[in-house]
Amino acid sequence: MFNSNAFAYSLAALLLGLSVRTSIAQTAAPPAPDHPKVTVRGTTYTPRSILARNMGTSEDQTTQFQPHRIISNLYYVGTRTLSSFLIVTTQGNILIDTTYERNVPTIQKSVEQLGFKFSDIKIVLGNHAHGDHQEGDALVKQLTGAQVMAMSEDVPALQAIKPGGKDHPIDKILHDNESVSLGGTTLVAHLTAGHTRGCTTWTMKAQDSGKTYDVVINCSLRPPTMLTPANIDEFNRSFKLVKSLPCDIPLGDHPAQYNMEAKYSRLRNGGSNPFIDAANCKREAEIQEAMFHAIIAEQKQKPAQP
Ligand SMILES: [Zn+2]
């Protein structure tokens with residue numbers, strides 16, 4: 001027999017579930033706008049499509065991507081859409097980007113699958129002070145005792161990232177053009193502000209088969225939906241600087257910025273190293289610079305609209 005009470009309860013539960021889901025959606029950040037549109041190297045982008053390309057689904061953000069060697073002593077240990085790089089030296093290792101705190105066990109697993117010890121991480125560096133790149137710093141420091149180093153302009157924003165109320169560790173404050181060296185590898189911190197005040201592009205040299213390559217781990221250059229005059233100055237300086245850096249191997253804080261998946265499948269097929277890709281070194285900067293100018297143009301038009 002049909003039980004009307006049970007039906008009413010399930011309906012109520014269903015509606016409650018829906019309203020909970022709606023309120024979660026409402027408290028989350030509003031979706032990026034689907035305008036302006038820019039076309040760079042034959043592909044059209046909007047702020048929304050760039051964000052979707054960068055972040056993927058929440059599952060993509062937390063699912064391990066097959067850890068792999070990029071070149072020489074530089075390895076990928078991140079998830080499908082959040083980059084994390086490991087630099088291995090004889091004096092211990094450097095980790096760039098701990099990503100979300102919940103990803104730290106995944107990063108640890110990737111480091112170990114490559115045959116390295118997580119506890120050998122001596123230095124933690126970051127791309128920029130947003131949770132999807134540096135929320136895990138405190139946990140990685142807790143697990144490894146590593147020194148966390150950060151660009152001075154990003155320090156206030158990093159101090160505001162406190163998962164579970166933990167203080168964000170900062171053991172050394174870096175400045176534009178400062179070097180970080182360990183076991184014969186030197187990384188240079190370039191201030192490329194705009195996306196955050198202390199957004200940091202990291203460069204290093206990698207040796208392979210008797211040749212030296214310039215590696216550029218780009219900071220995000222994704223502009224916000226509203227640009228202030230100070231922010232515009234920061235981006236203008238950063239675009240110019242990034243495009244002037246010597247580069248053979250472009251990398252970024254989200255792997256889609258350098259077509260990691262396609263390159264990784266080519267890597268498995270053998271042949272020349274697909275990560276050596278000087279032709280695409282400036283591609284991401286071109287996309288973001290085009291979007292930056294389109295946003296400024298749209299902003300200028302706004303007062304004229306009714
Ligand atoms: Zn960001």
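Student: Which residues line the largest cavity?
Tutor: In this predicted model, the lining of the largest cavity is made up of Val216, Asn218, Val242, Lys243, Leu245, Cys247, Cys281, Lys282 and Ala285.

Student: Which elements give two or more residues to that lining?
Tutor: Strand E13 (211–218) and H8 do.

Student: And what volume does the largest cavity have?
Tutor: About 60 Å³. The count of cavities of 30 Å³ or more comes to 3.

Student: How do the lining residues of the largest cavity divide into nonpolar, polar and charged?
Tutor: There are 6 nonpolar, 1 polar and 2 charged residues in that lining.

Student: Ala285 was in your list. Which residues of H10 are buried?
Tutor: Ala285 is one of the buried residues of H10. Others include Arg283, Glu284, Ile287, Met291, Phe292 and Gln299.

Student: What span should H10 have, going by its residues?
Tutor: H10 has 19 residues, so at 1.5 Å a residue it should span 27 Å. The C-alpha atoms at its ends are 27 Å apart, which agrees.

Student: Pockets next. Which elements each supply at least two residues to the lining of the second largest pocket?
Tutor: H10 (283–301) again, along with strand E14 (249–252) and helix H9 (260–268).

Student: How many residues line that pocket, and which lie nearest its centre?
Tutor: The lining has 18 residues, and those nearest the centre are Tyr258, Asn259, Lys263, Asp277 and Asn280. By type, the lining of the second largest pocket holds 7 nonpolar, 6 polar and 5 charged residues. The space in this pocket is about 200 Å³.

Student: Changing topic: what are the protein donors of the zinc ion?
Tutor: Three histidines: His128 through NE2, His130 through ND1 and His195 through NE2. They lie 2.1 to 2.2 Å from the zinc ion. Their spacing in sequence is H-x1-H-x64-H.

Student: Which parts does the pair His130 and His195 tie together?
Tutor: His130 is in the loop between strand E7 (121–125) and helix H5 (131–134), and His195 is in the loop between strand E11 (185–191) and strand E12 (200–208), so the pair ties together parts 65 residues apart in sequence.

Student: Is His195 buried or exposed?
Tutor: Buried, because its relative accessibility is 16% and the cut-off for buried is under 20%.

Student: What about the relative accessible area of His130?
Tutor: That is 31%, so His130 counts as partly exposed.

Methods:
Residues are numbered from 1 along each chain as its sequence is written. This is a predicted model: local features need pLDDT of at least 70, side-chain atom pairs count only at pLDDT 80 or more; totals for chains, interfaces and linings use all residues. Side-chain values use heavy atoms; hydrogens and water are left out. On a 1 Å grid over the protein atoms alone, a cavity is a set of points where a 1.4 Å probe fits but cannot get out, and a pocket is an open set with protein on both sides within 12 Å along at least five of seven lines; lining residues have an atom within 4 Å of a point. Grid points are joined across faces, edges and corners, and a volume is the space filled by probe spheres set on the points. Helices (H or I, at least four residues) and strands (E, at least two) are DSSP runs, numbered from the N terminus. Ala, Val, Leu, Ile, Met, Phe, Trp, Tyr, Cys and Pro count as nonpolar, Asp, Glu, Lys and Arg as charged, and the others, Gly among them, as polar. Donors are N, O and S atoms within 2.8 Å of the metal (3.2 Å for Na, K and Ca); water is not among the atoms, so sites may look incomplete. Buried means under 20% relative accessible area, exposed over 50%, partly exposed in between (1.4 Å probe, protein chains only). The expected span of a helix is 1.5 Å times one less than its number of residues.
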